[in-house]
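Please look over this model with the following report in hand.

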Amino acid sequence: MFVDDFRKEFYDNLVGKRVLLMVHHDVDALCAIRILLHLLEADNIQYSLVSIRNKEEFVKTFNAHQQSASNIVLINFGATFDVYDEIDCSEDKCIYIIDNHRPVDVHNVYRPEVKLVMRAETCKNIPLYEDLFRDSDEEDEGDERRYSLEMLEKRKERRVWKERRLRLLFEYTQFSYFGHSVAFQMFELAWKMSKDNFELLWLAIIGVCDLRVNDKIDEHMYEESLRSLKSHLTRLTHAQNSAGNNSIDIVFDKDLQLVLYRHWSLFESFRHTLLCSSRFKVWNVKGYKRMLEFFAEIGIPLVQCKQKFFAMDLEFRKNSQQWIDELAEKYSLIGIVSNSFVGSRGFRHRYNANDIALGVKAILESPNKEKSSGEKFLEALDSLSPKKISILHHGIEAAKIQYEAIWKQVHATLEMKSIVNAGPFLYVILHESAPDAKLFSFAGCLLTLARFLLHSHVASSRSRRVANLPLILITPDLCSTEFALAAGIPPVAEQSPNNLLGKALLQAAQRLKCPMEPDFYDGCVVRFPVEEKLHLIDALVSLLS
Amino acid sequence: MAASGANGGRVPSDFAAIDDIVALSKKVSCRFVKSVARLGFIDQSADCEHVAEGTQLELPLWMAKTLAARGLITVDPPKGYNQIYREILDADASVVDLHKLGPHFYAFGGHLVAMNAPEGEEIAKSLVHTFHQRLHKIMDFSLNASEDTPFELHAFKNNLDSCELELFEEGSNCLKDVKKWEHRTLDQICANDMVVSLKKRKRAMMACSERMATDS
Amino acid sequence: MFGEKAIELIKDLIRSKNEPLPPYKASEVREVIDEMNALFEMNQKDVQSQSQTQEVESQQDLFTVIQVRHSALLWNKRCLIAYHYQRLMRLKQLRWEFGGVLPTDIRNNLNDHEVVWFNSYCSNLATYMSRLNDGRGIDLTLHMKAPKRLYVQVRCLLDYGDYELEDGTTAVLSKDSTHYLPLQQCEKLIHQGILEQILT
């Protein structure tokens with residue numbers, strides 16, 4: 001059931017009782033939970049917070065905590081499967097789902113015990129209740145032998161209804177996509193309760209940016225979120241002028257869209273930005289030279305470019321943005337300078353919200369085996385705190401390592417020509433021996449790699465057709481050796497981030513009768529037994545062609 | 001009994017103090033001025049029944065005290081308290097490594113003085129003077145040294161006598177408290193020290209056994 | 001040499017300065033006591049034989065011998081007392097830091113008398129604390145620092161299991177979970193290193 005008024009139907013119900021918060025491992029969820037915790041603590045509402053990575057953990061945690069809380073809030077997971085079906089839940093409990101994954105499972109939509117804290121209008125094309133559920137499903141089964149005309153009529157009608165139901169459900173669940181940032185929704189809740197401030201706004205901004213840098217939402221939706229974030233910023237700035245000081249200054253302005261450049265060198269971050277690297281084709285010598293030419297033309301010496309950005313000469317540092325912008329059109333780097341939020345704490349630390357999203361994600365997906373996933377989660381949660389900036393810096397360093405690994409992998413894959421055209425789609429199989437396979441065992445990094453691979457392949461291929469082909473990337477899951485991960489991303493030419501490959505992979509697995517579990521991070525990443533790797537590709541070919 | 005009689009029969013306040021006991025267990029070299037019959041057992045290296053006049057022995061301070069009280073021995077002031085060292089300390093006490101000389105330099109010296117050793121008065125003066133010279137630097141370090149210079153701080157702390165170290169710690173703890181008060185930091189409630197140290201030891205032991213398991 | 005075993009006990013205390021409580025050195029203590037008994041008997045014998053010797057000179061020497069032994073005896077006694085006293089002081093501190101139930105690794109390091117002492121100290125302390133605050137009792141080990149707020153955010157460092165709160169509900173303290181609990185009820189767990197307070 002959808003909740004219309006977040007405050008009345010969601011937040012006010014939490015007051016006075018213990019709340020169990022289950023949070024998925026992603027940046028948007030982390031930002032959302034920080035905002036929610038701020039609200040709960042202000043009202044002295046007791047809570048327990050547990051991090052959840054998959055269905056198994058969810059069920060286990062639920063059973064352990066069942067007695068201790070009557071309100072259960074799921075953040076950024078749970079919408080896409082029938083929650084009630086998985087758990088043994090007594091009547092007096094209420095489950096709230098705050099999730100940006102779409103489509104929402106129809107059972108969740110129509111069950112009164114499940115409250116969906118999301119804007120109903122962002123969930124499109126939900127089939128009607130009458131088309132899905134019938135109360136009198138099994139009636140008259142006893143009289144099966146009497147083939148009266150009336151009975152036959154009824155049966156036929158039921159069969160038609162069932163077929164229609166399946167078709168509707170298939171159409172509805174075919175595409176996986178993302179709704180609004182949950183952090184942003186929590187911020188709006190805080191705003192309605194007049195408890196919003198700069199810190200919370202900053203978290204909401206990071207949440208939205210996380211969706212954008214991971215290509216989860218399209219340009220249009222991002223612009224829309226930016227607009228409302230900007231108006232919140234203006235409003236808070238006005239309010240703040242009369243009030244005291246704040247620990248973070250947020251500016252909405254034009255900024256270079258290069259990954260982590262404030263913490264890296266211009267040269268490196270140019271090479272690791274998807275837009276630039278695929279435009280220049282930096283993996284071959286010619287492209288590399290073209291990039292150097294570009295730097296020469298904007299007039300920054302190479303020594304300065306390779307210098308750490310913050311150590312560059314003031315003149316270059318100040319003007320680089322403008323110079324790059326002037327040449328962007330000539331080198332078809334449209335969008336390299338665009339609007340984004342930059343936050344600064346004191347005089348020392350300045351961050352683009354995108355970079356923070358990347359840094360925090362890198363902490364969550366750290367391949368360090370000595371830390372449990374729960375510890376990584378808490379570390380990432382801490383990194384968003386203004387008091388623990390050093391953790392964030394570690395995260396940003398880790399993000400650089402991720403990008404370097406991705407770049408090396410792309411380079412190697414193109415060099416070896418290991419992208420295979422299977423007809424209806426392209427695929428790559430990474431092997432366990434790949435040097436950075438341990439980094440790619442995480443959904444977020446895997447998807448970024450897939451995007452880099454596809455864009456680079458399309459850029460370097462002569463054939464026009466490849467722009468219309470999706471890519472499947474398969475890699476061993478080094479966290480649990482019997483499993484492999486597969487990620488599917490839509491073609492380059494496709495504008496919307498709607499993704500049908502997750503569903504396609506699941507259907508192929510169904511045909512093979514191989515167990516498969518979609519990842520909580522994104523529906524288009526699935527986990528399956530490693531030995532089914534090649535069968536899966538075959539099944540997918542026959543399914544999609 | 002002469003030994004307990006010296007304290008008037010009551011227990012001195014540092015009776016159970018570990019530092020004082022350790023200081024008293026340190027050895028000094030003594031020379032017998034009289035021969036004593038049947039005291040041979042205190043010199044285990046020589047296998048004779050009596051101790052002859054002029055025998056040179058290394059005895060713990062507590063025993064030397066007993067013998068000196070009876071006027072049987074003379075005690076040579078050990079390194080750090082003799083004429084040469086007194087001159088060094090007089091020149092600049094702040095550079096001397098008292099930890100190496102001690103580590104209970106003052107406590108030991110105090111006992112030496114108390115047992116009326118020759119040069120006792122000079123030793124007493126030298127002790128006071130030494131402390132006087134060093135105190136200023138200790139205060140300076142404890143109230144100003146920060147975490148930014150861990151190397152210097154460590155080197156300095158290694159030079160201190162045990163009671164100086166105590167003073168130093170006291171000073172730096174005060175500084176921490178004052179700073180905390182100035183910054184108005186929120187008081188974080190922490191695990192107790194012993195709990196933390198127990199945990200650390202457990203972890204170290206587990207890591208050690210794990211390493212042994214992988215080695216074998 | 002006399003008194004050397006005794007000083008070893010003291011050195012053991014110094015070496016274990018950073019441990020909560022080292023194992024009780026029963027055999028070493030026994031050896032020191034044996035040494036003391038031997039010293040006492042030798043002195044006893046000499047004192048009895050003293051009446052037979054007549055010479056003043058040799059009598060003087062005998063006194064010296066007896067006195068040296070006696071001072072060794074007193075020295076051993078002082079070391080033993082200091083050893084036990086320091087252990088008791090540490091044990092007392094353990095009561096304040098760990099509470100009435102000691103972790104098994106520490107409990108194994110106590111000797112029987114220390115266990116008895118610890119138990120009676122616990123009950124004394126408990127009686128005292130229950131008498132405070134007009135007979136309503138107050139836990140003196142808590143509230144060492146002034147609290148800023150009623151509730152605190154805490155993080156669980158190990159799997160503790162269910163923890164019942166005063167209002168009858170339970171909180172499941174599993175590793176790496178975060179909770180918002182009344183300070184009063186979780187302060188003890190923070191002291192015991194099960195929870196960690198998080199300042200946001």
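Helix α9(B) is hardly covered: of its 22 residues, 2 are buried. The model is predicted, so the pLDDT cut-offs of at least 70 for local features, and 80 or more for side-chain atom pairs, apply here. The helix runs over residues 162-183 of chain B. Its length checks out, because 22 residues at 1.5 Å a residue should span 32 Å, and the end C-alpha atoms of α9(B) are 32 Å apart. Just after α9(B) comes R184(B), which takes a positive phi of about 50 degrees.

**Chain A**

How many helices and strands does chain A hold? It has 21 helices and 16 strands. The radius of gyration of chain A is 25 Å, close to the 24 Å from the globule rule for 545 residues, so chain A is as compact as a globular protein of that length. The C-alpha trace of chain A spans about 90 × 60 × 45 Å along its principal axes. Of the 545 residues in chain A, 46% are buried. Contacts in chain A also reach across the sequence. Among those with a separation of 6 or more, 69% join residues 24 or more positions apart.

Chain A is divided into two domains. Domain 1 covers 1-130 + 150-197, and domain 2 covers 417-544. The centres of the two domains of chain A, taken over C-alpha atoms, are 28 Å apart. Their contact takes 13 residues from domain 1 and 10 residues from domain 2.

**Chain C against chain B**

Where does chain C touch chain B? The contact involves 40 residues of chain C and 36 residues of chain B. Three elements of chain C give two or more residues to this side: α1 (4-15), α3 (56-98) and α6 (183-191). The most comes from α3(C), with 20 residues.

**Two contact sides by class**

Note on methods. Residues numbered from 1 in each chain as written. Chains lettered and ligands numbered in written order. Contact = placed C-beta atoms within 7 Å. Helix = DSSP H or I, 4+ residues; strand = E, 2+ residues; numbered from the N terminus. Domains from an automatic or database assignment. Rg over C-alpha atoms; globule rule 2.2 N^0.38 Å. Buried ≥ 20, exposed ≤ 12 C-beta atoms within 10 Å, placed from the backbone. Expected span 1.5 Å × (residues − 1).
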